[in-house]
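Hi,

Here's the structure I promised to pass on to you.

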Amino acid sequence: MNLELRHLRVVCAIAETGSVTKAASALGLAQPALTAQLQRIERTLGGPLFERDRRGARPTALGELVLSRARVLLPAMKGLQDEAARLAGADDALGRYRFGGVNSPILGRLVHRLAAEQPHAQITTYASWSADELAALVAGGRLDFALTGICGDATPPAEFGLSWREVAVDPVLVLLPAAHPMADRDEVGLGELRHEQWVAAPGDGCFGDCFAAACARAGFTPRKVYETDVRGCMDLVDAGEAVALCQATFRPVAGLVTRRLAGTPLRWRLLLGWHPESPAARVADAVLEDAVAAYTDSLAAHPDYLAWLLRHPEFGARDGGGAARATGRVRTA
């Protein structure tokens, strides 16, 4: 006989009532039937679980071991069943949201929105600098959505059959130390930075062909480019050793400033991707709407950029079809 959860419930009932007779009554069974079942359970486990006399039933050492495990397993299984029932009954709820991305300006706010809307949903994140890796994981069913950015008019990975939608389009900015000679200006010409050293995070970012092409159009070839993580990038900029490209919604950091590049020579397109035949596809429109709202929320920390967006409607949040959306209303709480 294989031990089952119902057998553990029998053992717990006998221990809680202190009597096989009382346990049988509580479980709605005849006392002889419960006694026979207990004997089968004891044979399966290799020894008696209770000492029984006229004072009742008391657990043996083996019985205490079984009870200690049962008191963990039974509530856990009950919780699993309850959670499964809630998720199965949720209208249009995926129940599990697995996001892949890195250095996204909206991931935290997107997770916060989904957690508030669906408190019982399981939400996980996975970090990768590679858009190809994220797309492959979504195509293989290991992720539900990919949040990634691409430069200019470049196309996202196409060989994995994913559906991609724009969340927002922003000009790429330059990150400078607050003591930099150009830090007090609203915008800086890319050509004016020809003598700077640069630092970049790894991955499929703007320090590829599009950055080199933009520098060539400005009449120079960029000097040495350091590569490190985001924290290392900020440290090098703060130390005055380099400048960096950054997203327009880069979180303000003491000692550093972001400035627009004159003529917006570089654009960054934030995309959400999913597989059209996956379970995620049926909630993709709702997740896209939350992603756009999360982006709009992020603008609250950038009033100067928000004012600029209102004068340049070709940038900013996109609507469901990829067109620009007004960004004048920002949720701040």
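Predicted model: local features only at pLDDT ≥ 70, side-chain atom pairs only at ≥ 80, totals over all residues.

Let's start with helices α1 (residues 5–17) and α3 (residues 31–45). Their axes are 11 Å apart, and the packing angle is about 115 degrees. Angles from 65 to 115 degrees count as roughly perpendicular, so that's the label for α1 and α3. The crossing of α1 past α3 is left-handed.

Which residues meet there? From α1 you have R6, H7, V10, V11 and I14, and from α3 they meet L34, Q37, L38 and I41. Sorted by type, the residues of this contact are 6 nonpolar, 2 polar and 1 charged. As you click through them, remember that an α-helix has 3.6 residues a turn, so residues three or four places apart point the same way.

Next, jump to helix α8 (residues 230–238). G232, C233, M234 and V237 are buried in this helix. What do the buried residues of α8 pack against? Four strands: β7 (173–177), β9 (198–200), β11 (244–246) and β12 (256–261).

Finally, the backbone. After α8 comes G240, which has a positive phi, near 80 degrees. T264 has a positive phi too, about 40 degrees, although T264 is not a glycine. You'll find T264 in the loop between β12 and β13 (267–274).

Key
Residues numbered from 1 in each chain as written. Heavy atoms only, no water. Axes fitted to C-alpha atoms, helices over the stretch in contact; angles between N-to-C directions. Helix = DSSP H or I, 4+ residues; strand = E, 2+ residues; numbered from the N terminus. Parallel < 35°, antiparallel > 145°, perpendicular 65-115°, else oblique. Left-handed = near helix turned anticlockwise from the far one by under 90°. Contact = heavy atoms within 4.5 Å. Nonpolar A, V, L, I, M, F, W, Y, C, P; charged D, E, K, R; others polar. Buried < 20%, exposed > 50% of the residue type's maximum accessible area, 1.4 Å probe, protein only.
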